[in-house]
Amino acid sequence: MPSFEFDGDNVTIRNIRRFHYLSAKDSIPEYYDKTVKVSELSGLDILASYWAGKSIAHIMISFAFNETDFIAI
């Protein structure tokens, strides 16, 4: 599970999951930590990914830092 540590303007996010896709069915998960500055937050997007009709979806939030670095949850 991801966790967050706050230290003033810095937020360290631990256990961010990223996948390396080998094929449509095979992937290798990787976990890493990242520190960002709240003062560099430049954007936020809310997305809905629907499948099997309009009643089933994942909601995602993407945070942009300096418009070049993104983290989605």
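A residue counts as buried under 20% relative accessible area, as exposed over 50%, and as partly exposed in between (1.4 Å probe, protein chains only). E67 has 61% relative accessibility, so E67 counts as exposed. The model is predicted: local features need pLDDT of at least 70, side-chain atom pairs count only at pLDDT 80 or more, and totals for chains, interfaces and linings use all residues. Residues are numbered from 1 along each chain as its sequence is written, and side-chain values use heavy atoms, with hydrogens and water left out.

Start with the strands at the N-terminal end. Strands (E, at least two residues) and helices (H or I, at least four) are DSSP runs, numbered from the N terminus. Two strands pair if DSSP finds at least two bridges between them. Strand 1 (residues 3-7) and strand 2 run antiparallel, joined by five bridges. Within this pairing, D7 stands opposite N10 in strand 2. The two strands form a hairpin with two residues between them, and there G8 takes a positive phi near 65 degrees.

Strand 2 also pairs onward. 10 bridges join strand 2 to strand 3 (residues 27-37), and the two run antiparallel. R17 faces Y31 of strand 3 as its opposite residue. This hairpin has five residues between strand 2 and strand 3.

Look next at the backbone of strand 2. Most residues other than glycine have a negative phi. N15 is not a glycine, yet has a positive phi of about 65 degrees. N15 belongs to strand 2 (residues 10-21). At 35% relative accessibility, N15 counts as partly exposed.

Then follow the rings. Rings of Phe, Tyr and Trp (its six-membered ring) pair if their centres lie within 6.5 Å; planes under 30 degrees apart count as stacked, over 60 as edge-to-face and the rest as tilted. A search of the whole structure finds one aromatic pair. It joins F19 and Y21: the ring centres are 5.9 Å apart and the planes stand at 35 degrees, so the pair is tilted. F19 is partly exposed, at 31% relative accessibility. Y21 is exposed, at 61%.

A charge sits over a ring if NZ of Lys or CZ of Arg is within 6 Å of the ring centre and within 35 degrees of the ring normal. The charged end of R18 sits over the ring of Y32, 4.2 Å from its centre.

Now turn to the interior. A nonpolar core is a set of buried Ala, Val, Leu, Ile, Met, Phe, Trp, Tyr and Cys residues joined through side-chain atoms within 4.5 Å. The largest one has six residues: V11, I13, I16, V36, F65 and I71. Strand 2 gives the most to this core, with three residues. Contact means heavy atoms within 4.5 Å. Leaving aside residues up to four places away in sequence, V36 touches D9, N10, V11, F65 and I71.

Three of them form an open sheet in the order 4-5-6, with antiparallel pairing. Strand 4 (41-50) and strand 6 stand at the edges, each with a single partner strand, so one side of each is left without a neighbour in the sheet. Neighbouring strands here are turned by 20 degrees against each other on average, direction ignored; axes are lines fitted to C-alpha atoms, for helices over the stretch in contact, and angles run from 0 to 180 degrees between N-to-C directions. Nine bridges join strand 4 to strand 5.

S62 gives a view from within strand 5 (residues 57-65). S62 is buried, at 13% relative accessibility. Beyond residues up to four places away in sequence, S62 touches G43, L44, D45, L47, F70, I71 and A72.

Past strand 5, the chain reaches E67 in the loop between strand 5 and strand 6 (69-72). E67 has a positive phi of about 55 degrees although it is not a glycine.

Finish with D69, in strand 6. Its relative accessible area is 26%, so D69 is partly exposed. D69 touches K34, F63 and A64, not counting residues up to four places away in sequence. D69 and K54 are 15 residues apart in sequence, and their C-alpha atoms are 31 Å apart in space.
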